[in-house]
Amino acid sequence: MTSARSYCLDTSALIHAAVRAYPMDVFGSFWTRLECLIDEGRAIARKEVEKEIKKQDDELRDRCKGRSSLFVAPEVEIQQTMSAVAQQFPSLVNQTKLRGLADPWVVATAQTMEATVVTQEGSKPTKPKIPDACRALGIPCLNLLDFIRAEGWTWNDT
């Protein structure tokens with residue numbers, strides 16, 4: 001059974017899917033289904049996620065090229081929310097390594113749009129990550145497998 005919820009995708013979920021869990025050459029139907037959600041406007045990612053993906057030279061980067069309906073620029077309301085999220089959860093961004101620059105944007109977008117975050121980040125109570133921020137702010141947050149289950153996608157050969 002398919003839900004009508006919308007999703008805000010984190011870089012970690014896209015990279016995990018492409019590189020580890022659902023490589024494009026084996027699970028093409030996963031990517032086709034994801035693209036359908038994107039086309040329906042139910043799955044988005046921030047421009048900051050696109051910037052993180054563009055740092056790689058791989059199939060995910062190539063597949064994401066020209067997907068303007070996936071990578072959206074933040075509206076004023078999301079920018080304001082992002083400032084509050086970044087202030088409340090400064091550990092989302094690793095300033096030393098300049099990692100996680102998209103993380104507060106992902107959380108703020110989900111909060112503003114009442115969307116579900118999809119991330120592969122784990123919880124880290126001593127240094128809060130996306131799932132911790134989502135939990136504190138009451139934002140639904142799923143890992144990739146739970147996202148697939150929420151959408152009712154299966155690949156049963158029986």
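Helices are DSSP runs of H or I spanning at least four residues, numbered from the N terminus. The structure described here is a predicted model, in which local features need pLDDT of at least 70, side-chain atom pairs count only at pLDDT 80 or more, and totals for chains, interfaces and linings use all residues. Residues are numbered from 1 along each chain as its sequence is written, and side-chain values use heavy atoms, with hydrogens and water left out.

Two cavities of 30 Å³ or more are present in the structure. A cavity is a set of points, on a 1 Å grid over the protein atoms alone, where a 1.4 Å probe fits but cannot get out, and its lining residues have an atom within 4 Å of a point. Volume is the space filled by probe spheres set on the points, which are joined across faces, edges and corners.

At least two lining residues come from each of α2 (28-39) and α4 (59-64), and α2 contributes the most, with four. Nine lining residues of this cavity are nonpolar, three are charged and none is polar; the nonpolar class comprises Ala, Val, Leu, Ile, Met, Phe, Trp, Tyr, Cys and Pro, the charged class Asp, Glu, Lys and Arg, and the polar class the others, Gly among them.

The second largest cavity has a volume of about 30 Å³. Its lining is formed by L9, A13, L14, A17, F30, L34, V118, L144 and F147. The lining of the second largest cavity has nine nonpolar residues and neither polar nor charged ones.

Notes. On a 1 Å grid over the protein atoms alone, a cavity is a set of points where a 1.4 Å probe fits but cannot get out, and a pocket is an open set with protein on both sides within 12 Å along at least five of seven lines; lining residues have an atom within 4 Å of a point.
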